[in-house]
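These are my notebook entries on a structure that is new to me. I wrote down what I looked up, in the order in which I looked it up.

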Amino acid sequence: MLTYLIRRLILVLPVAFGVSVICFLLVQIAPGDPLTAIMPVDATAEEQDAMRAAYGLDKPLPVQYAFWIGNLVQGDMGKSIATGRPVAGEVFGAVQNSLLLALSAAVIAFPIGIFLGFLAGYFRDTWIDRVVTAVSIAGVSVPNYWLGIVLVIIFSVNLGWLPSMGAGPGGSSEWEWNWLHMRHLVLPAVTLAVVPIGIVARTVRALAGEILTQDFVQALYAKGMSRADVLRHVARNAAATALSVMGLQLGYLLGGSILIETVFNWPGSGFLLSNAIFQRDLPLLQGTILVLALFFVAMNLIVDVAQAAIDPRVQRT
Amino acid sequence: MTNLLDIQNLTIRFKGKRTVHAINDVSLSMKQGETLALLGESGSGKSVTLKALLGLLPPKRTDIAGSIHVNGTDVLSLSGKALQRYRGGEVSMVFQEPALALDPVYTVGHQIAETVMRHKGLSKEDALSTALDMLDRVRIPSANRRLNNYPHELSGGMRQRVMIALALACRPKLLLADEPTTALDATVQIQILLLLRELQKEFGMGVIFVTHDIGVAVEISERVAVMYAGQIVEEGTTREIIRDGRHPYTRGLLAANLHDVARGERLNAIAGSPPALEAKPDACSFAPRCPRALSACREALPPMITPSERRRVGCLRADETLAAE
């Protein structure tokens, strides 16, 4: 198991390198010049060149990459072109907020999804199964930004129960675990949870349904196991695959909540990303994408290792 | 002494999109410690009978009539905790495909221990040492190491040994073996058969051995019951069935056996295929395939003729001399 872990860790390195190169190049490919966004319209060519040199944008690409990556490993992701603040601080603050939102959504979505999926799988082809399937397809299909707006209209505008935007009185940086802050989390987290509920429910339903038709389930009953015992066996069989789906969902929740964060003005990475795009803030954009991508790589690693730990059939060499 | 097994007029019908009369008026009894082979081709109702014995048929889709008693216990009336105690405790089962019948994500030791813990109320350590003892008894080499193996790490024969250890761990009075050697290589088949025979002597339990291979039936059992289309068409001691099989179907099975066939000789297959059982049979089910059928065979159910004690044949012409052939 330990050698497997080490091997997996080593394999992550080339992936991380590839991710960093793509992050770096993506921004180079994008049309437009970041300087035009921040320089006065009447800036002279000399002034533009000076600015370009100040940010190192006049050097050849490999050199720029080397500088970028060299600074990166020292924790310096450059300065935001728009605000002049260090990118690292901005990104980590935002990713923290996004992580908070993503984990909250996961805490809501995964238990509900697992429960619904198990229910549907166990009562396959009954009305319970059909209701769960309808709910999960609806969950996957409804555009969640639209759902977010509808929830805001109902719970914020009409009922006035919950705030519609922001992360609480402290703004983006001062999160506290009290109701004053947490009530801001409710609507975005619920909205964000709807898609993973559907996906997890459908995955677990398929898994449980498939496992329940296997011979060993009947063999378990034949040796005198109770229904609870049998369901425990089924859960253990389904765990590896279900976990990997949930791990990837967590990755999507973190990186894919741009629309939700925009709808709810949540100061997270998605919000930061959309700002960075509209302001052509290259260092900020690169830093945010890189952190999100690396998080995704890490998630994949955790999922793989967890799967190997749970399922003995996964090759550990 | 009460009979180990008494099945009276068991009739099982599967409902659903298509109705199937899987078992039609089957009666069967076994004495303590007896070994019975249930012989028949696919779809003759052998496995369904075993599942009914363990109460494993889905209640919503099955109609069961008749009665099953094991050591005097009315099996069909069992439910909940009593049914759990009965399954695996009183009667246990060895499945056809050990690769599918063992849970892939638990070690074999755990799977045996789990059963022992449930039925004997032992602690985990004691249950594991029972499991180890059982693996030794089914002649698994270096059992201590195997305890922590997962099913996929074992060979087919080894897995079936584990399955047998699992089934016998709680010392059942009756062991149901559902074609336990069908999925195995020929050499391993013999080993498993011999093992089962030895263990039967050692533990003294009754065994119902389901098979479609008459050679296997001869090897393992004292008595044979031949099933066709959800009915028992002939029953007797193994010797009687081999030497003096009366029912044309039994004789067909015996003739279809490959063992004594010379090279180049035509194999004796039984022409035709078994009926679909969509309706309850009201005449001899074998008549359409029977070389000796009379018109009376197609008009009413054949009588059950009993030439001697515990010997019966469901054929109109069972009493006739067979010399004519």
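**Entry 1: two helices of chain A.** I began with the way H5(A) and H13(A) lie against each other in this predicted model.

From H5(A) I listed A:Val87, A:Ala88, A:Glu90, A:Val91 and A:Val95, and facing them in H13(A) I listed A:Pro283, A:Leu284, A:Gly287, A:Thr288 and A:Val291.

Entry 2: On the H5(A) side the contact is made by A:Ser98, A:Leu99, A:Ala102, A:Ala105, A:Ala106, A:Phe110 and A:Ile114, while H10(A) brings A:Ala242, A:Met246, A:Leu250, A:Leu253 and A:Leu254. I counted the kinds of residue here as 11 nonpolar, one polar and no charged.

**Entry 3: chain A as a whole.** How many helices and strands does chain A have? I found 13 helices and zero strands, and its C-alpha atoms fill a box of roughly 85 × 55 × 35 Å along the principal axes.

I also consulted the UniProt record, an unreviewed entry, which lists "transmembrane region" for residues 9–30, 99–123, 144–162, 182–201, 242–264 and 284–303 of chain A. I checked two of these spans in the model. Residues 99–123 of chain A are 96% helix and 0% strand, with end C-alpha atoms 35 Å apart, whereas residues 284–303 of chain A are 100% helix and 0% strand, with end C-alpha atoms 28 Å apart.

**Entry 4: where chain A touches chain B.** I found 17 residues of chain A and 23 residues of chain B in the contact. On the side of chain A that touches chain B, helix H9 (215–222) and helix H10 (227–255) each supply at least two residues. The largest share of that side, six residues, comes from H9(A). By kind, the residues of that side of chain A divide into six nonpolar, six polar and five charged.

**Entry 5: the four-stranded sheet of chain B.** I turned to chain B and read off an open sheet of four strands in the order S2-S1-S4-S5, with antiparallel pairing. Its edge strands are S2 (20–30) and S5 (73–74) of chain B, each of which pairs on one side only.

I followed the pairs across the sheet. S1(B), residues 5–14, pairs with S2(B) over seven bridges, and B:Phe14 stands opposite B:Val20 in S2(B). S1(B) and S4(B) pair over eight bridges, with B:Gln8 opposite B:Ser67 in S4(B). S4(B) and S5(B) pair over two bridges, and there B:His69 stands opposite B:Asp74. Which residue in the turn of the S4(B) and S5(B) hairpin has a positive phi? B:Asn71 does, at about 50°, and the hairpin leaves two residues between its strands.

**Entry 6: the eight-stranded sheet of chain B.** I found eight strands forming another open sheet, in the order S6-S7-S8-S3-S9-S10-S12-S11 of chain B, with mixed pairing. Strand S6 (91–94) and strand S11 (305–308) of chain B stand at the edges with a single partner strand each, so one side of each is left without a neighbour in the sheet. I noted an average twist of 25° from one strand to the next. Within this sheet I looked at strand S7 (residues 174–178) and strand S8 (residues 206–211) of chain B, which run parallel and are joined by five bridges; the bridge partner of B:Ala177 in S8(B) is B:Phe209.

**Entry 7: the record for chain B.** UniProt, in an unreviewed entry, places "domain: ABC transporter" at residues 5–254 of chain B. Over those residues I found the chain to be 41% helix and 26% strand, with the end C-alpha atoms 27 Å apart.

Terms used
Residues numbered from 1 in each chain as written. Chains lettered and ligands numbered in written order. Predicted model: local features only at pLDDT ≥ 70, side-chain atom pairs only at ≥ 80, totals over all residues. Contact = placed C-beta atoms within 7 Å. Nonpolar A, V, L, I, M, F, W, Y, C, P; charged D, E, K, R; others polar. Axes fitted to C-alpha atoms, helices over the stretch in contact; angles between N-to-C directions. Pairing = 2+ DSSP bridges. UniProt positions renumbered as here; feature names shortened; annotations may be inferred.
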